[in-house]
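My notes follow the display.

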Amino acid sequence: MKKLISILLTLVTLAPALPAMAAEEVNVFNWEDYICEEALTLFEQETGIKVNYMRFTTNEDMLVQVRADPANYDVIFPSDYIIERLINENLLEELDFANIPGAAYTLDWLQSAAYDPGMKYSVPYMWGTVGILYNKTMVKEPVTSWTALWDEDYRGNVFMMDSIRDTMGITMKMLGYSMNTRDQAVLEEVKDKLIEQKRSGIVKAYQVDETKDKMIAGEAAMGLMWSGDAAYAMGFNENLVYVVPDEGSNVWVDAMCVPKGAKHKTNAEIFIDFMCRPDIALLNFEEIYYCTPNSGVIDLVDEETLANETLFPTREIIDRCEFYDDIAQELQAYNRIWLAVKSAR
Amino acid sequence: MKALRRAYLGLVLVFLYAPIAVLVVYSFNQSETRAVWGGLSLKWYQALFHDKNILDALYVTVSVAALATMAATVLGTIAAIGIHSMKSWTRDLFMNVTNLPMLMPDIVTGISLMILFIFMKVPRGYGTMLLAHVTFDIPYVIFSVLPRLKRMNPNLYEAALDLGARPQTALLKVILPEILPGVITGALLSFTMSLDDFAISYFTSVRTANLSMLIYSMTRRKVPPTINALSAIMFVTVLVLLFVVNNRGSDTGRGRGTSGGSAP
Amino acid sequence: MKRSYFAAPYGLWMAVFTIVPIFLIAYYAFTLGGGFSIENFRMFLEPAFVGILTFSLWLAFLCTVICLVIGYPAALLLAAKDMKRSSIVVVLFVIPMWMNFLLRTYAWMTLLEDTGLINRFLEWIGIGRQRLMYTEQAVLMGMVYNFLPFMIFPVYSVLSKRDERLLEAAQDLGANAFMTFLRVTFPLSVPGIVSGVTMVFMPAVTTFVIPRLLGGGTFMMFGDLIENQFLTMDDWHFGSALSLIMMVLILISVGILNRADPSGQAAEGGGLW
């Protein structure tokens, strides 16, 4: 008993040290698997600012937490349409670009974005597309269309995404509509299509971050994926091919923002600037394989990498794609359809 | 007949142990993927002790469990003494409130606390997780201590007072030793409940992850082989602890040691 | 100082961390757009949502039945006279419960996946790859695996306390083994069954992790739905209504179960032991 008490007492005295009362810190809320850990270590070493790193899986999950307590985070990494909503809801701080000289590295075509007019609230971190990653030994012909995801020959062999906008968006594209449709009749059609796909047993699972490793292991013939995860998987399994289908798809930008009332705004800006430094941006690029918005990185990589269409999509591919708009008014309708799909049996 | 019985129990044990055995075996696998057996190796054990994420989560898990246990044991023991001397209706009220967290599904407890913390604008992290753990631990202490109080001779305390002991002294020297086994049982129960909790921590902390939360987030992307090594170590620890406790005797709550996992 | 005041700090604690949160849930459940509303409950009556609830209840029911069928004989054998001395066997049944339940579930993922051990074995003996993961059976299996000990132990602990002389008396009076079981052992074990059923059914209805991991998001259970409302859809009102429904449901089923147990033994400690 005495031993037990002394062990417990030692733990009590140690515990307060854990929440790290370091004078300088920055709370970063980023996607799963979306940074090179070494970049964080370098940041801590060079600036002396401690990073509290937290992760989320989808935009929607992140939004819930940021709305609940915005002051809990100093840097967040939302996608374009979520940035639009955060701006509209007055949940972002305007950035002080005097602290972020590195923002100048951002590619020109990403500097004038509709989601953040005048680029006052965000600095692009990565961008990419949504497409199909398929295993060429497991399909009958090269995949070029979203309809492949509805092909009954691949029953139990398709990973879909547990992400509302992506899964519903590509269904809209397959049906020939915009990914930003607000038309109730189209939404119903999308719902039926997705339920049909699920009921016929084509869908193996709805998931997000798990898919890349399952694809590497050959667990399924194809999966709906973001380009960077696809590029990562292709590095481990040479039979994997990524394609942005002919009907078109989504192109997105994830950018770094500071939520309203952030406790360490200046540190946040120092962090954002650090992420823009070409050598750091290169570290991240080489770790997670998403498209870089950083012109400094493009100068650093070799010809062969530049020619990789998954890492650097051609103009022709980008032109096929559209950005998501914030469909705030129809959000409820989208959510309801997604629930109906997820609960269908 | 006896052989048949043994065979049945054996089969159930195989079912219970097969998955754990697989993790333990893979923890010695040289190769990183489960698809290949690369020969024996201890490298995942080495890697485990350098994995900052896992070590941090382990620290959070153990320290939250220890702190919550202490707070719950003190609060709960004192409360049990109070409840024991209550008159009928206040006593019923307290018992019902104490029963509530044990009856509520973990997910509802977690969500209700999450709403509270967000409502009070308390950032959810280590502190809120600790508060939540204390909350669900206290009832276990009360339910372990109360039966001991009931069994105690009520005249003992009065006698101590009559002999001139101050109430505090009587409490510490007379009541506490009598109920100590119950207190220890309650503390042990609290500790294991805290160690294993997932659902309540998941909703009440964003900033800090305990081991369950870390494993959950890992299963949603990629589970490193170090987790296998961790499983093996935990398994052996549990094995040793249980056999030690079992051989030591039955004072730590017969039949109650059977209450390991909370299950969200 | 009256000793009953000792419970005051605890009373305060529970008021803040148990009572107030429940009232907050009730508040959100009964409001929408700033005013009182029962719209959240009306919405629940839609077929999709009722369907999720009945599916969860069905799966939890199946899980409970399977646990009872597997667990009861195991408990009976463990409590048998010749087993009593070998408490090591009993400890063996306890150990898996003490492993972190996410680890145990993860272990099943490694067994069931397409390239997992079971499938490789099936391929090796020539049956070929089967789809094991992401099925209803996988979810059910995961639940049975996690909750089986919760059935075995309450039954075991009741049976191991039974008076052996009762069995001897029954036999002396001419009852055969079956009649002894039916008339003596089984009635004695009812409190154990009741608390076992409670302890399996409750977590099975509310689980959201097991269907997520082993069902691959293709099965939505009631716990999933609640989690989803709070952490993805950001609809606290509907989510709270669902939580309230679940709470009431659990309280009712515990009430019914306790009534089924004449001795009231399972009621002690909220039926948790």
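I am working with a predicted model, where local features need pLDDT of at least 70, side-chain atom pairs count only at pLDDT 80 or more, and totals for chains, interfaces and linings use all residues. Residues are numbered from 1 along each chain as its sequence is written, and chains are lettered from A and ligands numbered from 1 in the order in which they are written.

**Confidence.** A contact here means C-beta atoms, placed from the backbone, within 7 Å.

**B against C.** I found 69 residues of chain B in contact with 70 residues of chain C. Elements are DSSP runs numbered from the N terminus: helices are H or I with at least four residues, strands are E with at least two. On the chain B side, α1(B) gives the largest share, 11 residues. I sorted that side by class: 49 nonpolar, 15 polar and five charged. Nonpolar means Ala, Val, Leu, Ile, Met, Phe, Trp, Tyr, Cys and Pro; charged means Asp, Glu, Lys and Arg; the others, Gly among them, are polar.

**B against A.** This contact takes 17 residues from chain B and 21 residues from chain A. α3(B) gives the most on the chain B side, with five residues. The classes there are nine nonpolar, three polar and five charged.

**Helix pair in A.** I looked at α2 (residues 37-47) and α10 (residues 278-288) of chain A. Their axes come within 8 Å and cross at roughly 155 degrees. Axes are lines fitted to C-alpha atoms, for helices over the stretch in contact, with angles from 0 to 180 degrees between N-to-C directions. α2(A) and α10(A) are therefore roughly antiparallel, a label for angles over 145 degrees. E38(A), A39(A) and L42(A) meet I280(A), L283(A) and N284(A).

**Sheet in A.** I logged an open sheet of three strands, order β2-β1-β3, with parallel pairing. Pairing needs at least two DSSP bridges. β2 (50-56) and β3 (75-76) of chain A are at the edges with a single partner each, so one side of each lacks a neighbour in the sheet. Two bridges join β1 (residues 25-31) of chain A to β3(A). V28(A) has V75(A) as its bridge partner in β3(A). Helix α9 (residues 265-276) of chain A packs on the sheet, touching β1 and β3.

Terms used
Two residues are in contact if their C-beta atoms, placed from the backbone, lie within 7 Å. Angles under 35 degrees count as roughly parallel, over 145 as roughly antiparallel, 65 to 115 as roughly perpendicular and the rest as oblique.
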